[in-house]
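This report describes selected features of one protein structure. Please keep the sequence and the model in view while reading.

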Amino acid sequence: MQAYFNTTTQLVERTPKPLIDYPRSDFIDINDDTAKLCDELCVEMNAHAVVANRHMGDLAARLGLDAVADAYRRRSESIRAKAHDVFAALSQDCNPADVGPCYADEPVVVADKRATNVSTTVQASIMAAFANIAGGANATLQLVPFIRARNARRGPAHGLEASGWVAGFMMEGLLASATAVDEGDISVDLAAAAADLVFEALTGRGKNSWMGGMITDMNATMTTESWTVPDEGGATMSHPWTASPASVVPRWLMGVRPAQAGWKRVAIRPAPPSYEKLATAALRTPTPRGDVLLQFSQGVDDVKGHFFFDANVTLPGNTAAQLCLPLFAAPATMRSCATTIPMSRRGAMTCTDEDLIAGTTRASLTCTHGS
């Protein structure tokens, strides 16, 4: 990837073949038969470059190679900023229009001139969301209305417009932004919309879905290469590309993931949809130090007239955790919230002021009508 970084344009371009598999099919999202594939310069390739350089920077830092880490991180940020300038489309240019912002598959700005009739598919905006091309969680979550509208343009029976592997990037990218805690306040409404969209993708039963086309229609016992086999051509009945729920559910929907190497410190940031869609859930996550247990329930108490989110967390020995509860899970009319243990707002969540330690902790969020 580094070999195809153009130091003049600050973008990755003109690889011998696409760095990503960008399928063309009647079952997934293309504008028309002449839509360009990702073969020269596109947002998808550069989104991968942003994330890859970011990860290399993190790895170098863990190895104590600070100068190398800084170089990778600067490269990541340089590609991100330039990709935003080149691929960000105007709301009226999105398809469907005026639900943007969105991103285009091909450059929108060339030689400081803005193009017209650009191709704005769901893949481009999903990969931009995954890599935070817009620059921050709030800006990334602004893409939710377009991603939802574009995915739904052929109705629930069709399912997602995104291909199976792109759907995985969508779910991780949106929930990573919805649960970000180091970027100041994040819109609770946009975070709630992201969590709902991800849950709908996980549980949808259209042709292009895990529960519909894959499990019900094809009777698959493992994840397939494509939503429809063999309709998309050359696909197999066993492939990891569409296995993303295996990581999205524990790490992003339930929100249990390592915050330090070796699970010495754990981040617990559940990102559920509205309580009508998911009232309770539980997870046991094995780690090198022992099991981390999380159980939560949420709902509206009709008698007391408030929203509640209750969480029970059990940590193994020699393990600390930051627990964050989702403010965005509360209905829009119930956003005046309090907690049973000391917690403070971080992003669109409220997080423990002090790390939890080994043992079991119960924390409750209660929200009433108000601002």
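## Disulfides

C94 counts as buried because its relative accessibility is 4%; buried means under 20% relative accessible area, exposed over 50%, and partly exposed in between, with a 1.4 Å probe and protein chains only. The model is predicted: local features need pLDDT of at least 70, side-chain atom pairs count only at pLDDT 80 or more, and totals for chains, interfaces and linings use all residues. Residues are numbered from 1 along each chain as its sequence is written, and side-chain values use heavy atoms, without hydrogens and water.

C94 forms a disulfide with C102, the sulfur atoms being 2.2 Å apart; a disulfide is a pair of cysteine sulfur atoms within 2.5 Å. The torsion about this S-S bond is about -110°, so the disulfide of C94 and C102 is left-handed. C102 is also buried, at 1% relative accessible area.

By this rule there are 3 disulfides. Another one joins C324 to C351, with an S to S distance of 2.1 Å, and it is right-handed, with 110° about the S-S bond. Both C324 and C351 are buried.

## Nonpolar cores

The largest nonpolar core has 98 residues, of which I147, L174, I268 and F328 touch the most other members. A nonpolar core is a set of buried Ala, Val, Leu, Ile, Met, Phe, Trp, Tyr and Cys residues joined through side-chain atoms within 4.5 Å. A second, separate core of 7 residues includes C102, A104, V108 and F146.
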